[in-house]
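Hi,

Here is the model I promised to pass on.

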Amino acid sequence: MRFVSRLMFAAVATVCSLHSLYAQDLAPRAYIITPIHSNAVTLTYSFYDGNILFDGSVPITGATARVNLSVFSYFHSLRLFRRTANFTASLPYGVGNFRGTVMGAETNAYRSGLLNSAFRFSLNLKGGRAMDLRDFSRWQQKTLLGVSLKVVTQSGQYDPTKLINYGANRWAFKPEIGLSRRWGHWVLDTYSAVWFFTTNHDFFSRNSFSPGTNSQHQNPMGAFEGHLSYDVKPRLWASLDGNYWFGGRTSLNGIENPATLQRNSHIGGTVSIPVTKHQSLKFSYSDGAYIRYGGNFQNVSVAWQYSWLGRPN
């Protein structure tokens, strides 16, 4: 009983730390360019509340999770090969409560700590030459095409003797291509990406339940994302958001579990409101539209951003 209960929390922790941060991201206007030397600091608070669906892969019912996630991010734009490029670094911290019933016994756990930090580099390929503020103010967007690479590091808090960890003890890489097209006040964004994961060679190891060393691996996972947004006026806009991700079967010590195949989708909305010349607020909400395996979460997020123009590049 105790071992099965611990297995439940392994699945819950994986769903919350990886799916909510990586696969379930809804990021409207991710490829819209800014003047070079643009900087922004963003503080985001997100609340995740929902159920965990295991599709019969483990004997668990009523699995739920509530996670409070705070993220500090820094953004900087620059010139590269005469094109607009940008770099974003993010550091998340999470506090979560997990509950579930295993064979009639209710079990719960509490965790807090740093999640894996993430870094994203994006480069415009079409429609977005590098511009200073004066040229940018005269420019009008039509079609933008860009590529990006997001890297999630192996930096989160992790204890291999425990199954509940906010860190995943592995790296993740997300190459992506994004298209943004404007028609007057309307903007359509579409992204296509693939997640690649390194192997966790020290998963739930060296303890009384598993004295040896275990290896956990996850197959690549495809992801699609779309956003339709409307500009009310400069810096005041709203969008409808949706995504779909699939794949990502996991295996333990080389044995794959077919029940962990994901085919999931989220929908939501985002509103961005300017507060001052340098500050803005962003509110977003999303919910599971179709969840086959993993976290069926509702998410509410509030972000404060302070932006300015300046060096170093």
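Predicted model: local features only at pLDDT ≥ 70, side-chain atom pairs only at ≥ 80, totals over all residues.

**Strands and pairings**

Strand numbers here count DSSP runs from the N terminus (E, at least two residues). Residues are numbered from 1 along each chain as its sequence is written, and side-chain values use heavy atoms, with hydrogens and water left out.

Strand 10 (residues 221–233) and strand 11 (residues 236–247) are antiparallel and share twelve bridges; for two strands to count as paired, DSSP has to find at least two bridges between them. Two residues sit between the strands, and arginine 235 takes a positive phi near 75 degrees there. Strand 11 also pairs with strand 14 (residues 262–274), again antiparallel, through eleven bridges. Within that pairing, asparagine 243 has histidine 266 in strand 14 as its bridge partner.

There is also an open sheet of three strands, ordered 9-12-13, with antiparallel pairing. Strand 9 (216–218) and strand 13 (255–257) each have a single partner strand, so one side of each has no neighbour in the sheet. On average, neighbouring strands of this sheet are turned by 30 degrees against each other, direction ignored (axes are lines fitted to C-alpha atoms, and angles run from 0 to 180 degrees between N-to-C directions). Strand 12 (residues 250–252) is joined to strand 13 by three bridges, and leucine 252 stands opposite isoleucine 255 of strand 13.

Asparagine 39 is in strand 1 (residues 38–53). With a relative accessible area of 1%, asparagine 39 is buried (under 20%; exposed is over 50%, partly exposed in between, with a 1.4 Å probe and protein chains only). Its side chain reaches the backbone oxygen of glycine 310 at 3.3 Å.

Valine 300, in strand 16 (residues 294–309), is partly exposed at 42% relative accessibility. Tyrosine 285 is 15 residues from valine 300 in sequence, and their C-alpha atoms are 4.7 Å apart. Leaving aside neighbours within four places in sequence, valine 300 is in contact with Tyr45, Ser46, Phe47, Ser284 and Tyr285.

Cheers

Terms used
Helix = DSSP H or I, 4+ residues; strand = E, 2+ residues; numbered from the N terminus. Polar contact = N/O pair within 3.5 Å; in protein donor to acceptor, adjacent residues only side chain to side chain. Contact = heavy atoms within 4.5 Å.
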